[in-house]
Amino acid sequence: MPRTKELIKGCQNGDRKSQYELYQQFSSGMMAVALRYSKSTLEAEDILQEGFIKIFENIKKFRGDSSIGYWIKRIIINTALNHQRSKLYLYPMVDVEDIKEGVNSLSVDTLAVEDLMDLVQDLPTGCQVIFNLYAVEGYQHKEIAEMLEISVGTSKSQYARARKILIEQIEKQNKWGNERFQ
Amino acid sequence: MKDFNKDKFNESISRKFAGAEVQPGNNVWEGIEAELLKQDNKRMQKKTAFYRNVAAAVIFVALISIYFNLQDLTFTSTEDSTFAPVNIDSQNDQKFVSDNDVLLKRPDIFTDSEDGSIGPERMGNENKGLAAFNNTEEENFKSEKIQNSEEIFYRYSDRELMASIAKAESIVPSDFALTKLDIQVEKVSYFAVSTLDKPKEGSNISWNTNVNIGSGNFNPNSEITETPFFSTASTLNNAGTAARTVGDNTSFNGNQERTAVEDLSSAPMKGNTSFTFGLNFGVVLNEKWNIKSGLQYGAFRSSSSSSTVLRDRNSDELYPFHGASSLPEISDGRVINFTSEYELYNDLQILTIPLMVSYKIIDRKFDVSVVAGLSADFIIRNNIKAGSDQINEINFDVKDRKSYNDLFASSIAGVEISYPFADKYAISLMPTYKRALSNVTTDAATFDSTPAFMGLNMSLAYMF
C-alpha cells in the first residue's frame, strides 16, 4: 500500500504527523492484543505505550520483509512478555493427554469478544501468556519455551491448565445463558 | 505465526480475537508523544554539544595560530654590511620584507660549472645570481652591471625570483661575497604579504556609530552620608499610624530615622541593564595613536530595596524614600513611614561628551587598542520609582537642582578590538569601565554618589 509506505518513510524520518497516523491505524488492534496479555486496561495501555515507543525507535530497522502490521504486533507482544516475565506463576505439570477436547467452536462463537477477553484476563498470569502464544498467536511449545526461558513441559502444562480453566468458565457461562432463556 | 495448532477450540478463539479492536485512552498517545519529544531533545542536545565542541576546537586552533603568528621573524644583515653566503639548508635565514622595503633575500646561489665558480658570463636569463629588488620599482627582469664584472645584480620579478629559488641547487660557494645595497634593512613581519591587502591608511578621520550595553550602579542610595532629619520639621511614623512628634525629640526620632537611612544605604544594590548609544568622530594621529570624541546618550538603571516611604500629609500620597530625599522635601509636609520592603528603581538619563585616546598595541587582522579618556556628563533626567502601584514615582529633571550636580566628570578605560573590512569600514568591540571622578551630588543632598558603569561597546566605523 503506497500510503502505508509513505507513513513508514515519514516515521523513519521522525515526522510526528506520520507517527500519529501510524499509531491511529494500528492502536485499536494492538490494544486488543495488549489486553489479552494483561490484567487490566491500565496495564494494557502501559504495554501499548511502551510498545509504540519501541516501534518508533526501531522503525528505521524495518526492512519490509514482513507486513508492518505483523512487525508491530511482534513488538507489542514482546513488550507484553517483558511486562509479564516476572509474573509467570508456575503451575504443577499436567499431562496434556488428560485434557479433553470437550468444547465445540459453537460455544465460543456465541461469546462476545469482550466476554472472552475478560475470561482470558482472569486466567493466572503464566497460563494467560502461554495460552495466548499457543492458541491465538500459533507458537509451538518449543518456541514458547525459548521465548519465556521455561521448559517445554512447563509450557504444555501451563497451556493445558489455561485451556481447562477457560473451558470450565465458558461452560458455566453457556449454562447460565441457557437457563436464562428457559 | 504458525497456524497448524489445529484444534477447534483454538481456532475459534483465534478467530474471535483476529479482528478485535479496543480504543485506547487519549493519554496513551500523549505519553508516547512526550517520550518521543524527550528523545528528540536528547538528540538535539547531543548535536548542540557536538557543534559546540567543534566551535571550541576551531577557536582554540585559531587562538593558537594567532599566538604563534604574533612571533615576529626578523631579518638582519651581517656586521660588515656584506652578505655572507647563505646556507640554503638554513631556512631560518631566509626572510621576506614587506612592500616598500627592500627584499634582501639571498636566493640560492648555484652554478653549473664543475669547479663551482661563478662568473658573470655564466649568469644569464636563467635566474642565477644574487637578486635584489624593490617593489616600488618596476618588476620586469633586467640585468645590470653595477660594479665590476664580477658583481652583477639582477632585478627579478617576484615570480621569476620564486622560480629561481625553486630551481636552486644546494651548493653555495663559500667565498662568494656580495655587496650590500645601500638600502635600509628593517624588521619585517611574517605577515608581510598580508599587509599588502590591508586598507590603505590614507584617511585620518573616521566616524563611528556605537551602542553600549552594560550594567551600572548610578544609584542615589549607594553612599548616604547623613539623614535628612530636621528636628523641628521631620516626623517619624510607624506604618499605619499618623502620630506625629514635634519639638526636640531628636534622640528617638533620630535613631529611627537613622535606622531607616542605614537600612536604605546598606540594601544590596543591583546594576540593571543600561545602555548608551551615540556618535563619535575620531582622528588618526599616526599608526598607533587615535583620538576620538562625540556625543552619547545613556540610560543607566539600577535597583535596590527600601522599606521606607515619604507620606504627604496633605494628599496622603506615598513617595519613595531615598537617598535623594533632601531637606526641603522632608520639611515640605512629608513624613517618613515604614512599610514592607519594596523594590526601588533608579533610572538616570545622561548626555556624555567623551574624549578618548587610544593606542594600538596589536596591528594585525584584528587591531587591539587600549583606550583611556575623560567625559563630561550632563544629567538630563533622574527617575526614582518604586515597585509598587501605591507609591508614586519621582522625577528630577534638568531644572531640579536638589540633589545632583548638573555636570560631572568621569574617567573611561577600555580595550578596543576592531576589525577593518571593505577598505573603509571597521567594526569593533570595546569593554569599557567608566567611573565618576568625584561626588556627583550637591551640598544639599544627603548622600554621596560616585557612579560607575561597566559595559560592552559595539561600534561600526567609517573611515574617510
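**Nonpolar cores**

In this predicted model, the largest nonpolar core has 62 residues, and those with the most contacts inside it are Phe52(A), Phe56(A), Ile72(A), Ile76(A), Phe131(A), Leu133(A) and Ile32(B).

- Helix 2 of chain A, residues 16-36, supplies the largest share of this core, with 9 residues.
- Leaving aside residues up to four places away in sequence, Phe52(A) touches Leu22(A), Tyr23(A), Phe26(A), Ser27(A), Met30(A), Ile76(A) and Ile32(B).
- Another core, of 12 residues, lies apart from the largest one and includes Leu310(B), Phe321(B), Ile384(B) and Ile394(B).
- As background, nonpolar side chains in soluble globular proteins tend to be buried together.

**Aromatic rings**

- Over all chains, the count comes to 17 aromatic pairs.
- One of them joins Phe366(B) and Tyr419(B), which form a tilted pair with 5.1 Å from centre to centre and 35° between the planes.
- Phe366(B) is in the loop between strand 14 (334-363) and strand 15 (367-386) of chain B, while Tyr419(B) is in strand 17 (residues 407-421) of chain B, so this pair ties together parts that are 53 residues apart in sequence.
- Phe421(B) has a relative accessible area of 31%, so Phe421(B) is partly exposed.
- Tyr20(A), Tyr23(A), Phe52(A), Phe56(A) and Trp29(B) make up one aromatic cluster, with residues from chain A and chain B.
- Arg36(A) lies over the face of Phe17(B), 5.2 Å from the ring centre.

**Salt bridges**

- Side chains of opposite charge can pair when their charged atoms come close.
- Lys38(B) and Glu35(B) meet through their side chains in a salt bridge of 3.7 Å, N to O.
- These two residues are 3 residues apart in helix 2 (residues 26-69) of chain B, so about one helical turn separates Lys38(B) from Glu35(B).
- Glu35(B) counts as partly exposed, at 26% relative accessibility.
- Glu416(B) and Lys292(B) form a salt bridge in which the closest N and O atoms are 3.2 Å apart.
- That pair links distant parts of the chain, with Glu416(B) in strand 17 of chain B and Lys292(B) in strand 12 (residues 289-312) of chain B, 124 residues apart.
- Glu416(B) counts as buried at 10% relative accessibility, and Lys292(B) is buried with a relative accessible area of 9%.
- In the salt bridge between Asp377(B) and Lys434(B), the closest N and O atoms are 2.7 Å apart.
- Asp377(B) belongs to strand 15 of chain B and Lys434(B) to strand 18 (residues 425-436) of chain B, so the pair ties together parts that are 57 residues apart in sequence.
- Both Asp377(B) and Lys434(B) are buried.
- In chain A, Arg3(A), Glu6(A) and Glu21(A) are joined into one network by salt bridges that share partners.

Key: Residues are numbered from 1 along each chain as its sequence is written. Chains are lettered from A and ligands numbered from 1 in the order in which they are written. This is a predicted model: local features need pLDDT of at least 70, side-chain atom pairs count only at pLDDT 80 or more; totals for chains, interfaces and linings use all residues. Side-chain values use heavy atoms; hydrogens and water are left out. Rings of Phe, Tyr and Trp (its six-membered ring) pair if their centres lie within 6.5 Å; planes under 30 degrees apart count as stacked, over 60 as edge-to-face and the rest as tilted. Helices (H or I, at least four residues) and strands (E, at least two) are DSSP runs, numbered from the N terminus. Buried means under 20% relative accessible area, exposed over 50%, partly exposed in between (1.4 Å probe, protein chains only). A charge sits over a ring if NZ of Lys or CZ of Arg is within 6 Å of the ring centre and within 35 degrees of the ring normal. A nonpolar core is a set of buried Ala, Val, Leu, Ile, Met, Phe, Trp, Tyr and Cys residues joined through side-chain atoms within 4.5 Å. Contact means heavy atoms within 4.5 Å. A salt bridge is a side-chain nitrogen of Lys or Arg within 4 Å of a carboxyl oxygen of Asp or Glu.
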